[in-house]
Amino acid sequence: MRMPMTAAGDATPARGQPGPGTGRLARLKLWARHAPALARRHWVFAVLLTAGLVLRILTQLAYRPVLLYTDSTKYLLGAYPGDDPPGYQLVLKPVLALGNLDLIAVIQHLLGLGMAVALYLVLLRRGAPRWLAALATAPVLLDGYQLQIEQIVMPDVMFEALIVIGLVALLWRTTPTPWLVVTAGVALGASATARQIGEIFILPAVAYLLIVMPSWRLRAKHAVLVCLAFALPILLASARNYADPQLHSFSLAPYASGSIYGRMAAAANCATMRLPGYERPLCPDATQKRLLGPDGLDHQPTSPIRGAWIPSLSAADRMALMQICHKSVPVTVGTRVTYHEVATMCGQVTSDFDRRVLKQQPLNVLASIGRDTLKLFALGRTTSTGDPPISRWQFQTVYPQYPPYIAISHGSLVFGTYTPDGVERQIGTGANFRGGNPAVAGPLASFLRGYQLDGGYTPGPLLALAALAGLAGSLAALRRRASPAQRATALACLLFFTTGVAALVASDVFEFNWRYQIPALVTLPPAAALALTLLLRRRSRAAAGGEVLPDPLEAGHRRHDDQAERQQDHQRQPGTGLRQEGARDDRPDDQGGQDSQAAAHSVRLAAGHQPGDEGREGAGQVGG
């Protein structure tokens, strides 16, 4: 769509649009005047966004300054260095330097709202009707578990936000530009510095680029580009750990490798396992499996991984174990102290046990992972025996404590840990951080708890339907007769779906935790929305007698979608921008201004716009 020209050859701004010379304040005032019209056009999303904002304000007021969990000491005080990637801890340092604990929750709540806005915009750009795009954002806006995790000092919101940034960057255009590819790679790579399973996101990102780019040269170029961008934050975080004198290890989380033991031990059939004598006690009995589960087998003091059984080993097995894992212990005889080598547990032994289970009983391992994966789709939110308690991620009417890690003494927060000998040790207090003493507003906390437990969450069957719809929409990319617009939508659905599945299954490989299911809220509903968009398009085409409705992402309408970008280019180089646009408009494959306007009208109808919306174009239409 060309802009009107003045006699001097300058572009005349469209009605209701700010001119090139308009100041920033005047432009903001203009957009503010159009905000009511924008809210009316997108009223479903406006209602949901407002509800999400209100719920977040109530959450912020109900629990001051923030909620804390046992792992929060890792990110606030650097406890257990090397157990988790350092990304979240590095992000918190400037936040705490500039503000207090309250600011962490505020930023995370804003990220929650921002994720909803970003998902809504990218779904509109991919042709979803406004009402459908809005409904796809309802889980991240209204889910009580999402609200709770935003109030707690944990890396999950950072992880979610980086996933959304990466996916939105890849999907913002039909064929992403190099800068969008770099943005996506850096964001998805940075997610691995929050939770290490983010390393798997390179697979769907590269696969998407290899499919969507039009030539092999561009496919190779963009695949290499996203890999380099993806590796950058991981390398920086690993270098930080290498420079840390406590760690001196070039890896994201050098001490986290043992966490797969719980899954392997829970899946193993000990009666048929072939193991060395010193590894046999690592295989738990049926009672331990049932009561501890993968999480307890990794972390509980009664787990075989703690090595309490070592003294009962035979002399031969104990000697064989000591050749692999040993430590020096002091022995005092009178006034003389000597050191003796004794057998102990170490990662080398548990890693060998894990490999043996996976090699000898792979089907058992897959079945164990599959059973946990299906728990997400259950009708209610409950805790299975052996799983981490879901109460950790539910609002409480009192301030939650996890002594000795998080406790309240004389009204103030106290942070503690255990020494290697099992002795409790204090490592900090609330005085280390600004934000005041912990407090709970009883009525608000009761309301939020009732909201969360009595239906204020995304039901498992709804997520199951979203997953099935996402799978069906992804398979639509294989249809030979699919139009370019349909294929683009199907590929977008595929990216959301595969990224969500990768995040969920990669977490379940280690253990099931309701906290680890949160990424489903920002991946599966958008995938389902895009799948339904494909279905609605097919029905619209059938109702129109087989006519294919134009799509904003098709080549003939790329100029319409990118109008704002060309206006910015024109502001920088007015004459050049118009000449280049005119040259593009004179290409042989251009169908002319009238055809473009008629097609744009069809696009708006296909995307859910109502007749009469054309007169409100200047009111801030969100692309779609």
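Is H410 buried or exposed? H410 is exposed, with a relative accessible area of 82%; here exposed means over 50%, buried under 20%, and partly exposed in between, using a 1.4 Å probe and protein chains only. Keep H410 in mind while we walk through the structure.

Before going further, note that this is a predicted model, where local features need pLDDT of at least 70, side-chain atom pairs count only at pLDDT 80 or more, and totals for chains, interfaces and linings use all residues. Residues are numbered from 1 along each chain as its sequence is written, and side-chain values use heavy atoms, leaving out hydrogens and water.

The predictor's confidence in each residue, from 0 to 100, is called pLDDT. The protein averages 83, and 82% of the residues score at least 70. Over residues 1–11, however, the pLDDT is below 50, and it also stays under 50 over residues 544–566. Where pLDDT is low, the predicted coordinates should not be read in detail.

Now look inside. A nonpolar core is a set of buried Ala, Val, Leu, Ile, Met, Phe, Trp, Tyr and Cys residues joined through side-chain atoms within 4.5 Å. The largest one has 119 residues, and L68, L76 and I104 have the most contacts inside it. Its largest share, twelve residues, comes from helix 8 (residues 156–171); helices (H or I, at least four residues) and strands (E, at least two) are DSSP runs numbered from the N terminus. Leaving aside neighbours within four places in sequence, L68 is in contact (heavy atoms within 4.5 Å) with residues including L76, I152, Y399 and F415.

Next, find the open sheet, where three strands run in the order 4-5-6 with antiparallel pairing. Two strands pair if DSSP finds at least two bridges between them; strand 5 (residues 412–418) and strand 6 have five. Strand 4 (406–409) and strand 6 (424–429) each have a single partner strand, so one side of each is left without a neighbour in the sheet.

H410 sits in the loop between strand 4 and strand 5. This residue has a positive phi of about 55° although it is not a glycine. Y80 also has a positive phi, of about 50°, and lies in the loop between helix 3 and helix 4 (87–98). At 30% relative accessibility, Y80 counts as partly exposed.

Finally, look for two cis peptide bonds: one runs from R64 to P65, with omega near -10°, and another from P403 to P404, with omega near 0°. Most residues other than glycine have a negative phi, and most peptide bonds are trans.
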